[in-house]
Amino acid sequence: MASTARKSEPKAPRAWQRMISGRRLDLLDPSPFDVEIEDIAHGLARVARWNGQTRGDHAFSVAEHSVIVLRILDHLYPGLDHRWRLAGLLHDAPEYVIGDMISPFKAALGVDYRVFEDRLEAAVHLRYGLPPKMSQEVKRKIKRADRICAYYEATQIAGFTHDESVKFFGRPPADLDLRIEPLPVTQAQALFLEQFETVLAEVESR
(Lines give C-alpha, C1' and ligand atoms only; values in the text may rest on other atoms or scores of the structure.)
Protein backbone atom coordinates (compact mmCIF):
# COMPACT_ATOMS: atom_id res chain seq x y z
CA MET A 1 0.00 0.00 0.00
CA ALA A 2 1.45 3.35 -1.01
CA SER A 3 2.31 5.66 1.84
CA THR A 4 -0.08 8.57 2.25
CA ALA A 5 2.32 10.51 4.46
CA ARG A 6 2.55 14.06 3.32
CA LYS A 7 5.98 15.01 2.08
CA SER A 8 7.41 18.19 3.50
CA GLU A 9 7.59 21.08 1.09
CA PRO A 10 11.13 21.80 -0.09
CA LYS A 11 12.57 24.94 1.41
CA ALA A 12 13.05 27.86 -0.92
CA PRO A 13 16.74 28.60 -1.48
CA ARG A 14 18.17 31.49 0.51
CA ALA A 15 18.09 34.62 -1.64
CA TRP A 16 19.78 37.11 0.64
CA GLN A 17 23.36 37.87 1.50
CA ARG A 18 24.64 39.10 4.83
CA MET A 19 26.87 42.11 4.33
CA ILE A 20 29.87 43.08 6.42
CA SER A 21 27.73 45.80 8.03
CA GLY A 22 25.26 43.15 9.20
CA ARG A 23 22.62 44.13 6.64
CA ARG A 24 20.74 41.38 4.81
CA LEU A 25 20.37 42.27 1.15
CA ASP A 26 17.63 40.43 -0.74
CA LEU A 27 19.32 39.62 -4.05
CA LEU A 28 16.05 39.07 -5.93
CA ASP A 29 14.29 42.16 -4.60
CA PRO A 30 16.97 44.48 -3.19
CA SER A 31 15.79 47.31 -0.95
CA PRO A 32 17.55 50.70 -0.87
CA PHE A 33 17.26 50.53 2.92
CA ASP A 34 19.69 47.59 2.96
CA VAL A 35 22.33 49.36 0.85
CA GLU A 36 25.30 50.83 2.72
CA ILE A 37 28.22 52.61 1.09
CA GLU A 38 30.65 50.90 3.48
CA ASP A 39 29.51 47.53 2.14
CA ILE A 40 29.85 48.75 -1.44
CA ALA A 41 33.37 50.08 -0.85
CA HIS A 42 34.39 46.93 1.03
CA GLY A 43 33.10 44.68 -1.73
CA LEU A 44 34.35 46.65 -4.75
CA ALA A 45 37.84 46.93 -3.26
CA ARG A 46 37.94 43.12 -3.18
CA VAL A 47 36.56 42.51 -6.68
CA ALA A 48 39.26 42.25 -9.33
CA ARG A 49 38.89 43.66 -12.81
CA TRP A 50 39.84 41.35 -15.70
CA ASN A 51 39.22 38.29 -13.49
CA GLY A 52 42.49 39.14 -11.77
CA GLN A 53 44.51 38.52 -14.95
CA THR A 54 46.61 41.64 -14.57
CA ARG A 55 50.22 42.49 -13.91
CA GLY A 56 51.50 43.72 -10.59
CA ASP A 57 51.53 42.76 -6.93
CA HIS A 58 47.90 43.74 -6.43
CA ALA A 59 44.70 43.08 -8.34
CA PHE A 60 43.17 46.11 -9.99
CA SER A 61 39.95 46.56 -8.07
CA VAL A 62 36.57 47.77 -9.24
CA ALA A 63 36.76 50.39 -6.47
CA GLU A 64 39.88 51.96 -7.97
CA HIS A 65 38.47 51.62 -11.48
CA SER A 66 35.35 53.52 -10.39
CA VAL A 67 37.39 56.43 -9.04
CA ILE A 68 39.38 56.66 -12.26
CA VAL A 69 36.18 56.59 -14.35
CA LEU A 70 34.97 59.60 -12.36
CA ARG A 71 38.25 61.41 -13.06
CA ILE A 72 37.85 60.70 -16.76
CA LEU A 73 34.26 61.99 -16.63
CA ASP A 74 35.50 65.21 -15.06
CA HIS A 75 38.09 65.54 -17.83
CA LEU A 76 35.61 64.91 -20.63
CA TYR A 77 32.68 66.89 -19.25
CA PRO A 78 33.79 69.75 -16.98
CA GLY A 79 30.88 71.13 -15.03
CA LEU A 80 28.84 67.93 -15.21
CA ASP A 81 26.00 67.91 -12.68
CA HIS A 82 27.27 66.40 -9.41
CA ARG A 83 24.40 63.88 -9.42
CA TRP A 84 25.70 62.37 -12.64
CA ARG A 85 29.25 62.43 -11.29
CA LEU A 86 27.95 60.39 -8.35
CA ALA A 87 26.26 58.03 -10.80
CA GLY A 88 29.60 57.69 -12.57
CA LEU A 89 31.36 56.73 -9.37
CA LEU A 90 28.62 54.18 -8.63
CA HIS A 91 28.33 52.82 -12.17
CA ASP A 92 29.70 49.41 -11.15
CA ALA A 93 28.20 49.35 -7.65
CA PRO A 94 26.13 46.17 -8.27
CA GLU A 95 29.41 44.29 -8.54
CA TYR A 96 29.84 44.49 -4.76
CA VAL A 97 27.22 41.75 -4.76
CA ILE A 98 27.60 39.92 -8.07
CA GLY A 99 31.29 40.44 -8.83
CA ASP A 100 32.85 41.74 -12.02
CA MET A 101 31.85 39.42 -14.84
CA ILE A 102 33.88 39.91 -17.98
CA SER A 103 31.93 41.04 -21.05
CA PRO A 104 32.05 37.68 -22.91
CA PHE A 105 30.50 35.94 -19.90
CA LYS A 106 27.79 38.61 -19.55
CA ALA A 107 26.88 38.06 -23.19
CA ALA A 108 26.65 34.31 -22.63
CA LEU A 109 24.35 34.74 -19.61
CA GLY A 110 21.94 36.89 -21.59
CA VAL A 111 19.06 39.13 -20.55
CA ASP A 112 18.29 37.62 -17.13
CA TYR A 113 21.66 38.77 -15.82
CA ARG A 114 20.98 42.32 -16.99
CA VAL A 115 17.61 42.39 -15.18
CA PHE A 116 19.28 41.22 -11.99
CA GLU A 117 22.02 43.85 -12.32
CA ASP A 118 19.50 46.60 -13.09
CA ARG A 119 17.53 45.86 -9.90
CA LEU A 120 20.66 46.18 -7.80
CA GLU A 121 21.65 49.40 -9.56
CA ALA A 122 18.18 50.88 -9.00
CA ALA A 123 18.38 50.09 -5.26
CA VAL A 124 21.80 51.76 -4.99
CA HIS A 125 20.63 54.82 -6.91
CA LEU A 126 17.51 55.25 -4.79
CA ARG A 127 19.57 54.92 -1.61
CA TYR A 128 21.66 57.92 -2.62
CA GLY A 129 19.04 60.14 -4.20
CA LEU A 130 19.59 59.27 -7.85
CA PRO A 131 16.96 58.21 -10.39
CA PRO A 132 16.61 54.42 -10.55
CA LYS A 133 17.41 54.67 -14.27
CA MET A 134 19.79 57.13 -15.87
CA SER A 135 18.91 59.01 -19.03
CA GLN A 136 20.47 57.72 -22.23
CA GLU A 137 22.65 60.83 -22.41
CA VAL A 138 24.10 60.30 -18.93
CA LYS A 139 24.56 56.58 -19.57
CA ARG A 140 26.40 57.37 -22.81
CA LYS A 141 28.79 59.75 -21.04
CA ILE A 142 29.54 57.28 -18.25
CA LYS A 143 29.99 54.45 -20.74
CA ARG A 144 32.44 56.53 -22.74
CA ALA A 145 34.52 57.21 -19.63
CA ASP A 146 34.30 53.53 -18.69
CA ARG A 147 35.59 52.39 -22.08
CA ILE A 148 38.45 54.90 -22.00
CA CYS A 149 39.48 53.56 -18.59
CA ALA A 150 39.26 50.01 -19.97
CA TYR A 151 41.62 50.99 -22.81
CA TYR A 152 44.30 52.12 -20.35
CA GLU A 153 43.79 49.08 -18.13
CA ALA A 154 43.99 46.74 -21.11
CA THR A 155 47.22 48.17 -22.49
CA GLN A 156 49.01 48.83 -19.21
CA ILE A 157 48.14 45.88 -16.98
CA ALA A 158 46.05 43.30 -18.87
CA GLY A 159 48.44 42.41 -21.70
CA PHE A 160 46.53 43.89 -24.64
CA THR A 161 48.37 45.60 -27.49
CA HIS A 162 47.47 49.15 -28.46
CA ASP A 163 45.73 47.93 -31.61
CA GLU A 164 43.70 45.34 -29.70
CA SER A 165 42.63 47.93 -27.15
CA VAL A 166 41.58 50.40 -29.83
CA LYS A 167 39.58 47.66 -31.54
CA PHE A 168 37.67 46.68 -28.39
CA PHE A 169 37.46 49.96 -26.48
CA GLY A 170 38.12 52.77 -28.92
CA ARG A 171 40.90 55.34 -29.06
CA PRO A 172 41.31 57.52 -25.95
CA PRO A 173 41.39 61.34 -26.20
CA ALA A 174 44.78 62.68 -27.25
CA ASP A 175 44.87 65.11 -24.32
CA LEU A 176 44.38 62.41 -21.68
CA ASP A 177 47.28 60.51 -20.15
CA LEU A 178 46.62 57.99 -17.38
CA ARG A 179 48.80 55.63 -15.43
CA ILE A 180 47.09 52.56 -14.01
CA GLU A 181 48.72 51.57 -10.73
CA PRO A 182 46.78 48.89 -8.81
CA LEU A 183 46.46 49.70 -5.12
CA PRO A 184 46.31 47.40 -2.09
CA VAL A 185 42.77 46.54 -1.01
CA THR A 186 42.64 48.82 2.02
CA GLN A 187 43.93 51.81 0.04
CA ALA A 188 41.47 51.23 -2.79
CA GLN A 189 38.62 50.96 -0.29
CA ALA A 190 39.61 54.18 1.48
CA LEU A 191 40.06 56.02 -1.83
CA PHE A 192 36.58 55.02 -3.01
CA LEU A 193 34.95 56.05 0.27
CA GLU A 194 36.77 59.38 0.31
CA GLN A 195 35.69 60.13 -3.26
CA PHE A 196 32.11 59.12 -2.50
CA GLU A 197 31.88 61.40 0.54
CA THR A 198 33.30 64.32 -1.44
CA VAL A 199 30.88 63.96 -4.35
CA LEU A 200 27.87 63.25 -2.14
CA ALA A 201 28.60 66.43 -0.14
CA GLU A 202 28.68 68.38 -3.43
CA VAL A 203 25.33 66.86 -4.46
CA GLU A 204 23.73 67.71 -1.11
CA SER A 205 25.09 71.28 -1.09
CA ARG A 206 23.16 72.23 -4.24
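Which residues in α2 meet which residues in α3? S66, V67, V69, L70, L73 and D74 of α2 meet W84, R85, G88 and L89 of α3, where contact means heavy atoms within 4.5 Å. This is a predicted model, in which local features need pLDDT of at least 70, side-chain atom pairs count only at pLDDT 80 or more, and totals for chains, interfaces and linings use all residues. Residues are numbered from 1 along each chain as its sequence is written, and side-chain values use heavy atoms, with hydrogens and water left out.

**Overall make-up**

- The protein chain has 9 helices and 2 strands; helices (H or I, at least four residues) and strands (E, at least two) are DSSP runs numbered from the N terminus.
- Along the sequence the order of elements is β-β-α-α-α-α-α-α-α-α-α.
- Of the 206 residues in the protein chain, 46% are buried; buried means under 20% relative accessible area, exposed over 50%, and partly exposed in between, with a 1.4 Å probe and protein chains only.
- When contacts between residues at least 6 apart in sequence are taken, 66% of them join residues at least 24 apart.

**Packing of α2 and α3**

- Two packed helices are described by the angle between their axes and the distance between the axes.
- For α2 and α3 the angle is about 145 degrees and the axes are 8 Å apart; axes are lines fitted to C-alpha atoms, for helices over the stretch in contact, and angles run from 0 to 180 degrees between N-to-C directions.
- The crossing of α2 and α3 is right-handed, a crossing being left-handed if the near helix is turned anticlockwise from the far one by less than a right angle, and right-handed if clockwise.

**Nonpolar core**

- The largest nonpolar core holds 60 residues; such a core is a set of buried Ala, Val, Leu, Ile, Met, Phe, Trp, Tyr and Cys residues joined through side-chain atoms within 4.5 Å.
- Within this core, I40, I72, L86, L90, Y128 and F192 touch the most other members.
- Two or more residues of this core come from each of α1 (37–44), α2 (62–76), α3 (82–89), α4 (95–98), α6 (111–127), α7 (136–156) and α9 (185–204).
- Leaving out residues up to four places away in sequence, I40 touches V35, A93, Y96, V124, Y128 and F192.

**Helix α9**

- The 20 residues of α9 should span 28 Å at 1.5 Å a residue, and the end C-alpha atoms are 28 Å apart, which agrees; the expected span is 1.5 Å times one less than the number of residues.
- Buried residues of α9 are A188, Q189, F192, L193, Q195, F196, V199, L200 and V203.
- The buried residues of α9 pack against α1, α2 and α3.
- On the face of α9 turned away from its buried side are the exposed residues T186, E194 and E197.

**Loop between α1 and α2**

- W50 lies in this loop and has a phi near 60 degrees, a positive value in a residue other than glycine.
- W50 counts as buried because its relative accessibility is 17%.
- N51, in the loop between α1 and α2, also has a positive phi, of about 55 degrees, although it is not a glycine.
- N51 has 49% relative accessibility and so counts as partly exposed.
- G52 belongs to the loop between α1 and α2 and, at 33% relative accessibility, counts as partly exposed.
- G52 and A158 are 106 residues apart in sequence, while their C-alpha atoms are 9.0 Å apart in space.
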